[in-house]
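Hello,

Here is the structure you asked for. Please open it alongside this note.

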Amino acid sequence: MGQSGRSRHQKRARAQAQLRNLEAYAAQPHSFVFARGRAGRGVRQLSLDLRRVMEPLTATRLQIRKKNTLKDCVAVAGPLGVTHFLILSKTETNIYFKLMRLPGGPTLTFRINKYTLVRDVVSSLRRHRMHEQQFAHPPLLVLNSFGPHGMHVKLMATMFQNLFPSINVHKVNLNTIKRCLLINYNPDSQELDFRHYSIKVVPVGASRGMKKLLQEKFPNMSRLQDISELLATGAGLSESEAEPDGEHNITELPQAVAGRGNMRAQQSAVRLTEIGPRMTLQLIKIQEGVGEGNVLFHSFVHKTEEELQAILAAKEEKLRLKAQRQDQQAQNVQRKREQREAHKKKSLAGMKRTRAEASGDSDAEDPGAPPETEGAGQQEEEEDEAEYFRQAVGEEPDEDMFPKAAKRGQFTGPPGKKPRGKERRPDGGTYHRPSKAKGKPQRDQAKLGRRGAVRDRRRGQARPPKKVV
């Protein structure tokens, strides 16, 4: 059984084709369409309709929150390859439409004098043609009457052209052109008419009956004697099914177009059906940057040459002061860095000097008190503690508990004398050792007695009297 799947060369060719398509898609212009501020329901629906016009090279499911600023959108647009912003906003008096070129501008601000939503346009038509396949490719842009009316008109035309990918008339596929965007400029009123159409190509030169059969819509032929009556005259068809064609929309197709009867080198009629939205725009101003910058053109504010020169001088002075502040900041940063380095070196030198002095004085340590004096003091203290231990516990302490204290039973007097026995009381009795406490371990009592004795002696309190039985 042979190997299934593609060969190595086919996989390589497929990967290269995908890479080329990705590069071509990334090179095309992309856009963000959204509304800002309290725009209202109508303006937000208009932004969604305008987003449908810009498909598929736009963010269809883009969501903008109230806390998002224009800088946030610009920061996101860079990695995504977005080149244009189409922003709708509303004030108390007017509705505005801004067209921005990223990343450096310019920004065109239009006032929307009139607009109509898609649902209103479609509801006014007797028959509309709109389906999802039309939005798989960008629309064909048609600019009308953008002649030599000024630099601002030329800039407007360039901005609208850059919204959509360029078309090579020698390589374009006519099946990808399903929509048309018409922008008409009126020099008298200085307004722009924004219209969006659906394109349909139908063959010409055939009767209405033949067109009906080509569209697979079979008419009712019960009243006809022969099919030739339908093909020749179109009997039984209403006048509304016939659409007038003329020289204005009939052309010869350079290639075959999807649809029955649209063959190459045959005449066909191009029919447009408006699908909305519809807007009437008026240019207000043009700025250099993205949402801010020097005003290049204004429809209502006209400045003299002296005012323009003053504005330019003020801008240059502002730039000069900004550069001066930047230089001052750079000098301060350099000075602080040098101070930190000098302080670091000084600290390291001091640490080395201190370490060297400490290592040099280690041989000449303080000898402290003489061993005789130190031993005598410790011996007296331990003797006192041992005596209190005998009184509190009634037993002799262990040898390792007070090693320097002399034992009680040890004779320290002159030689030849015997130690005395038990002391007698005046009434003839004898002194006895105190009895042990019941219920507590003997070792714990010794510890407590020893600590208490030391504490009492330090505080200057008298020792408890010896119990006598």
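Below is what turned up, grouped by region. Keep in mind that this is a predicted model.

**The aromatic cluster**

Start with the rings. The count of aromatic pairs comes to five. One of them is F32 with F85: the ring centres are 5.7 Å apart and the planes sit at 10°, under the 30 degrees cut-off, so this pair is stacked. The two residues come from distant parts of the chain, 53 residues apart. F32 belongs to strand β1 (residues 31-36), and F85 to strand β2 (residues 84-90).

F85 has a further partner. With F34 it makes an edge-to-face pair, at 5.7 Å centre to centre and 75° between the planes. Again the link joins strand β1, which holds F34, to strand β2, which holds F85. Here the separation is 51 residues. Together, F32, F34 and F85 make up one aromatic cluster.

**M100 and its neighbours**

Next, look at M100 in strand β3 (residues 95-101). Its relative accessibility is 2%, so M100 counts as buried. Which residues does M100 touch, leaving out those up to four places away in sequence? The list is L70, T83, H84, F85, I87, P106, T107, M159, V290 and G291. S31 is 69 residues from M100 along the chain, yet their C-alpha atoms are separated by 9.6 Å.

**The nonpolar cores**

Now the interior. Nonpolar side chains tend to be buried together in soluble globular proteins. In this model, the largest nonpolar core has 34 residues. F110, M156 and L192 have the most contacts inside that core. Helix α5 (residues 151-162) supplies the largest share, five residues.

Beyond residues up to four places away in sequence, M156 touches L108, F110, F146, Y185, L192 and L283.

Another core lies apart from the largest one. This one has 11 residues, including F32, F34, A77 and L102. F32 and F34 are also in the aromatic cluster described above.

Last item. R52 lies over the face of F135, at 3.9 Å from the ring centre.

Best wishes

Technical notes: Residues numbered from 1 in each chain as written. Predicted model: local features only at pLDDT ≥ 70, side-chain atom pairs only at ≥ 80, totals over all residues. Heavy atoms only, no water. Helix = DSSP H or I, 4+ residues; strand = E, 2+ residues; numbered from the N terminus. Buried < 20%, exposed > 50% of the residue type's maximum accessible area, 1.4 Å probe, protein only. Contact = heavy atoms within 4.5 Å. Phe/Tyr/Trp six-rings, centres within 6.5 Å; stacked < 30°, edge-to-face > 60°. Lys NZ or Arg CZ within 6 Å of the ring centre and 35° of its normal. Core = buried A, V, L, I, M, F, W, Y, C linked by side-chain atoms within 4.5 Å.
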